[in-house]
Structures are given as C-alpha cells and as structure tokens.
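Subject: Handing over a structure

Dear colleague,

I am passing this structure on to you, together with some notes on what was found in it. Please read the notes with the model open beside them.

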Amino acid sequence: MSPHPSERPHRTGPGIGRRSFVGSLGAGVLGAAVLGGASAAQALPAPVTGGRATAAPRYAFLGTYGSGIITCAYDTATGALTRKSAFAAVTDPSFLALAPSGKVLYALDNAGREGAVRAFTIGAGGRLAALGRAQSTGGANVTHLAVHPSGRYLLSANYGAGSVAAHALGGDGRVGARTSLVQHVGSGPDPERQEGPHAHQILTDPKGAYVFAVDLGTDTVYTYRLGPGGALRPVSEARSVPGAGPRHMVFHPTAPYAYVANELNSTITVCSYDPSTGVLTNGDSQPTLPDGTDPGTRNYPSEVTISADGRFVYLSNRGHESIARFAVTGGGAGLRLLDTVPCGGSWPRHISLSPAGNLLFSGNQYGKTIGTFTVNKETGALTRSGPPFATVSVGCVLPT
C-alpha cells in the first residue's frame, strides 16, 4: 500500500487561507460527542516492577501499511522484539489503541472509500481475533483513534475528510454504532497540505473531561465536550501560527499544559490548559532540531510523547531521522531541547514508551525498522539497545 498522504514530504506554500469550524447534525454529518482517549503511547498505567525484569512475556502490536497487525513479544529490559503472529485481514491499520481493560485492541481499517474502526480480542500469545464488525468513521483516510478512559466510546480522526467521529463500545469491547460525526471547515496557507481540513489526531485530557482534535489543514486544535449519548459538542478553538500544521499533541500528566508537534514548520508549541473550561492557549514555540542544523534539512515532526513523571518530552523528526529529547521546565510551562539521537531507520512516524517507561520504540515507516532504546529514568537519555528490528512499513508501535 502507498504511504498515507500525510506522510509524504511537501513544501510550505505562501498565503493565508480562511479557517472556520462547522459541526452539523443530520444524516450526512451527525454532531456527536466523545469522552476521551488512551493513545498508543499511553495505553496502560505503568506496572509495578522490581529491580530486574521478569521472564513473563510482554507484547507489542505493530500497525502497518499493507501487512495488517503484527504481534511481537518484547524483552522488558532491552526492548528486543520477536515476531509471533499476524492478523492480515485489515487494511493499513496505521494506528492502534488499547482498551482500558487491556483485553481488546482497536485498529483503523482503510479498505473502503470511508475509513473504518475495528476491534480485536487479545488471546494467548498476543494472538488477535476479530470482535464484531468494522464500523464506518464517516470520512476518508481515518488516521488516528483513541479509547475514552471509561471504555464506553471510541474516537477517531479522518485525515482525508477533515472530520472526527465517535462510536459507542459494547460491554465486551466491540465497536457499535457511530454516535457522532463532526466536519471541520477551513484551510491554511500551504496550498498542498492545507487546501482543506485534515484532522490528524483525536485524544482527551488526562481526566477524560474534554476531547481534542488536532487539525493540520486548518492550523487549529478543537476542543469538544462529550455530551449525552456520545455527542461531540464544540467548546473552543486554539489557532496555531498560520502554516504551522499542528499534527499531534500530548498533555502533561499532572500540570495544566500540553505540547503540540507542528509538522509543517518543524516546531513544538507549549500550550497552557484550563481543565475547568477545556480551553487551550498557545504559548511559546521552538524548533525541534538543534542549533546549527543544516538549514537545508527538510524536517517534518510527527509523534510526541511524555514520560509518566512529566519531566521529559520526546518527539520524532522525519527527515532529520531523529528523536528529540526535551526537558520540561517551569512546572510544565517550558521545554528545553537537550539532544537528538538517530531513530534507527528512516521516517520515524511513531514513537512510544513502554508501560514501565524504561523503553522507547521508534516505528520507522520508510526504513521498515523499529529502533529500540533504553530510557534513563533520571536524565531521560535514550541509549540504543541493539540493532533496529527489521520488519515492514510501520505506522504504529503499541507496547503493552
């Protein structure tokens, strides 16, 4: 399968287009709601571990382009991966999320003109079995999904259509009817990447009180409240610098701040957050590459994640082919770039921390590898742990 449109390099064009928001109700577009979500990088709370890793296997699920979902076992001390099985009957499941119970896996499916979301039970050895049927997200090119912490709703973002959706989840975890579909409207100054809305991520704040949609095409992060019956109701909008192209964001686990990775201008923005209203306010931005980097380097930040203690933020740089490490300063109000390390391949679309926080995985889409790193809990420093794991074109690495 060809790479997702959002993964191809593009230049930033001149001009500033209009940006607006429309949420409509009805047969074509149902104004709906959602509660919140656990992302691939923040799927489960960290387990309590002793000084030495146990022999019990842990599993990581790989969302791929063209090869379905691959189950790997991983060494909890080194991150070394071993392929165990695969579920091939799903198209380009480039992002995955885990139910709060840890027993059900959710995936994208882009087999049709409209995207879909699917559920799988996780059996012995990490083997997957389909749970229920695929449900349409109501828009083309679904690119991201998240599970609300309550386990009652699944949220999804349609990159191609520029819309976001919510689905009810059954008691056993299967995906039920769509409860909401909200269409974004607007554009940005880049004529190739921002000709219209492109919702790239959907997530909730740490408490699941509000839902957030990061839209690269309109330079906006939208805030929603999930109403009765799963209806997404608009609350506010945080507009980025025109042409920034916000792609993904992550919340600080305890302080009222969030960090937004901007794909098109290669920056990261610190946002203050009011948890009582759901309002985000953009603050300072800074480059994601070190001073002195070749000015000709074409770079497109992708994933951003944060350590469980909120002391370090990590960001993947596609083009520079690196993972940036930032120290969180000022109680969450600032970031300081500490260093970058090679990602172990090409085009690091996704990075994720293990539940214990001692490992980081880099899913390198074009290089068809996964870089594995140990994490120094005191300094946040990354150290490569063995050679990259050779695999297929990867969109997501979800360690459990």
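Which residues line the largest cavity? The lining consists of Ser-94, Phe-95, His-200, Arg-247, His-248, Glu-303, Arg-349, His-350 and Gly-395, where a lining residue is one with an atom within 4 Å of a point of the cavity, and a cavity is a set of points on a 1 Å grid over the protein atoms alone where a 1.4 Å probe fits but cannot get out.

Before going further, please note that this is a predicted model, in which local features need pLDDT of at least 70 and side-chain atom pairs count only at pLDDT 80 or more, while totals for chains, interfaces and linings use all residues. Residues are numbered from 1 along each chain as its sequence is written, and side-chain values use heavy atoms, with hydrogens and water left out.

To return to the cavity, the search of the whole structure finds 1 of 30 Å³ or more, and the volume of the largest cavity is about 50 Å³, a volume being the space filled by probe spheres set on the points, with grid points joined across faces, edges and corners. Strands β17 (246-251) and β25 each supply at least two residues of its lining; strands here are DSSP runs of E with at least two residues, numbered from the N terminus.

Strands β14 (residues 211-215) and β15 (residues 220-226) pair over 5 bridges, with Val-211 opposite Tyr-224 in β15.

Elsewhere, β9 and β10 form a hairpin with 5 residues between them, and Gly-151 in the turn has a positive phi of about 75°. All 6 of the 6 residues of β9 (residues 142-147) are buried, that is, under 20% relative accessible area with a 1.4 Å probe and protein chains only. The bridge partner of Val-147 is Leu-154 in β10.

Finally, the structure holds 7 aromatic pairs, counted where ring centres of Phe, Tyr and Trp (its six-membered ring) lie within 6.5 Å, with planes under 30 degrees apart taken as stacked, over 60 as edge-to-face and the rest as tilted. The rings of Tyr-300 and Trp-347 have centres 5.9 Å apart and planes at 50°, so this pair is tilted. Both Tyr-300 and Trp-347 are buried. Phe-212, Phe-251 and Tyr-273 form one aromatic cluster.

With best wishes

Technical notes
Buried < 20%, exposed > 50% of the residue type's maximum accessible area, 1.4 Å probe, protein only. Helix = DSSP H or I, 4+ residues; strand = E, 2+ residues; numbered from the N terminus. Pairing = 2+ DSSP bridges. 1 Å grid on protein atoms, 1.4 Å probe; cavity = no way out; pocket = protein on both sides within 12 Å on 5 of 7 lines; lining within 4 Å.
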